[in-house]
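Visitor: I would like to learn how to read a model like this one. Could we take it feature by feature?

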Amino acid sequence: MVEEMSNKISPFLNAALEANNYDKLPYALAVDILELTPKDYIEKINNKLTKAYFFGCADLTPKENFERIRKNDTENEYTYYLSDEELMERCERFYNLSKYLKEECKKYNLPFIDTSYYRNEKIEQLVNEILQNI
């Protein structure tokens with residue numbers, strides 16, 4: 001399903017990026033797309049205008065991720081309102097997607113940031129790197 005969605009999203013994203021001259025702006029644009037695959041990024045997105053970073057939790061089992069989410073859940077999190085069954089199903093899907101993305105990133109030599117541990121620190125480090133290169 002991710003590959004099918006990526007196939008549909010990637011041409012749209014590329015057209016939007018090329019049409020708006022983002023490479024000439026004095027700031028960066030961040031686009032969060034769960035369903036973009038490394039293959040479609042390489043084959044369908046103008047890599048001169050973009051840099052992709054893929055995230056996942058490939059080092060946490062679905063059960064470990066479930067337990068961590070439930071331990072930190074608050075009423076401000078959408079996961080708080082999911083049943084245990086719904087949340088576990090999402091954890092399993094995300095785990096499988098993370099493993100897939102990690103392997104695909106190796107294949108296409110793209111960065112995969114595993115946020116299984118030290119998530120906030122890893123994201124902050126990446127944001128600082130991006131800001132230094134604008």
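Visitor: Let me start with charged pairs. Which residue forms a salt bridge with Arg93, and how far apart are the closest N and O atoms?

Guide: One caution before that: this is a predicted model. To call a salt bridge, look for a side-chain nitrogen of Lys or Arg within 4 Å of a carboxyl oxygen of Asp or Glu. Here Arg93 pairs with Glu89, with the closest N and O atoms 3.1 Å apart. Both residues sit in helix H4, and because they are 4 residues apart, about one helical turn separates them. Glu89 is partly exposed, at 37% relative accessible area.

Visitor: What does Lys107 form a salt bridge with?

Guide: The partner of Lys107 is Glu104, and their closest N and O atoms are 3.4 Å apart. This pair also lies in helix H4, 3 residues apart, about one turn of the helix. Now check the cover on each side chain. Exposed means over 50% relative accessible area, and buried means under 20%. Lys107 has 58% relative accessibility, so Lys107 counts as exposed. Glu104 has 11%, so Glu104 is buried.

Visitor: Which parts does the salt bridge between Asp84 and Arg70 tie together?

Guide: Start with the distance: the closest N and O atoms of Asp84 and Arg70 are 3.1 Å apart. Then place the ends. Asp84 is in helix H4 and Arg70 is in helix H3 (residues 62-72), so the bridge ties together parts 14 residues apart in sequence. Asp84 is partly exposed at 42%, and Arg70 is partly exposed at 23%. Next, look for shared partners. Arg70, Asp73 and Asp84 are linked in a network of salt bridges.

Visitor: How many salt bridges are there by this rule?

Guide: The count comes to 10. For the charges as a whole, the chain has 18 positive and 25 negative side chains. The centres of the two sets lie 5 Å apart.

Visitor: Let me step back to the fold. What pattern does the chain follow along the sequence?

Guide: Read the elements in order: α-α-β-α-α-β-α. That makes 5 helices and 2 strands. For overall dimensions, take the C-alpha trace along its principal axes: about 45 × 30 × 25 Å. For contact range, take pairs at least 6 apart in sequence; 70% of those contacts join residues at least 24 apart. For burial, 29% of the 134 residues are buried.

Visitor: Is Ser98 buried or exposed?

Guide: Ser98 lies in helix H4. At 1% relative accessibility, Ser98 counts as buried. Then ask what Ser98 touches beyond four places away in sequence: Gly56, Cys57, Ala58 and Phe112.

Visitor: Which residues make the nonpolar surface patch?

Guide: Val127, Ile130, Leu131 and Ile134 make a patch of about 350 Å². Ile134 is in the segment after helix H5 (119-132). At 55% relative accessibility, Ile134 counts as exposed. For the chain, the accessible surface is about 9500 Å², and 51% of that belongs to carbon and sulfur atoms.

Visitor: Last, backbone angles. What phi does Asn109 have?

Guide: Asn109 has a positive phi of about 55°, although Asn109 is not a glycine. This residue lies in the loop between helix H4 (84-108) and strand E2 (112-114). Asn109 counts as exposed, at 70% relative accessibility. Tyr118 also has a positive phi of about 55°. The loop between E2 and H5 holds Tyr118, and at 62% relative accessibility Tyr118 counts as exposed.

Note on methods: Residues are numbered from 1 along each chain as its sequence is written. This is a predicted model: local features need pLDDT of at least 70, side-chain atom pairs count only at pLDDT 80 or more; totals for chains, interfaces and linings use all residues. Side-chain values use heavy atoms; hydrogens and water are left out. Patches are made of residues with over 30% relative accessible area and no salt bridge: like charges are joined within 9 Å, nonpolar side chains (Val, Leu, Ile, Met, Phe, Trp, Tyr) within 5 Å. Accessible areas come from the Shrake-Rupley method with a 1.4 Å probe; for residues, only the protein chains shown count as cover. Buried means under 20% relative accessible area, exposed over 50%, partly exposed in between (1.4 Å probe, protein chains only). Contact means heavy atoms within 4.5 Å. Lys and Arg count as positive and Asp and Glu as negative; His and the chain ends are not counted. The place of a charge is taken as NZ of Lys, CZ of Arg, CG of Asp or CD of Glu.
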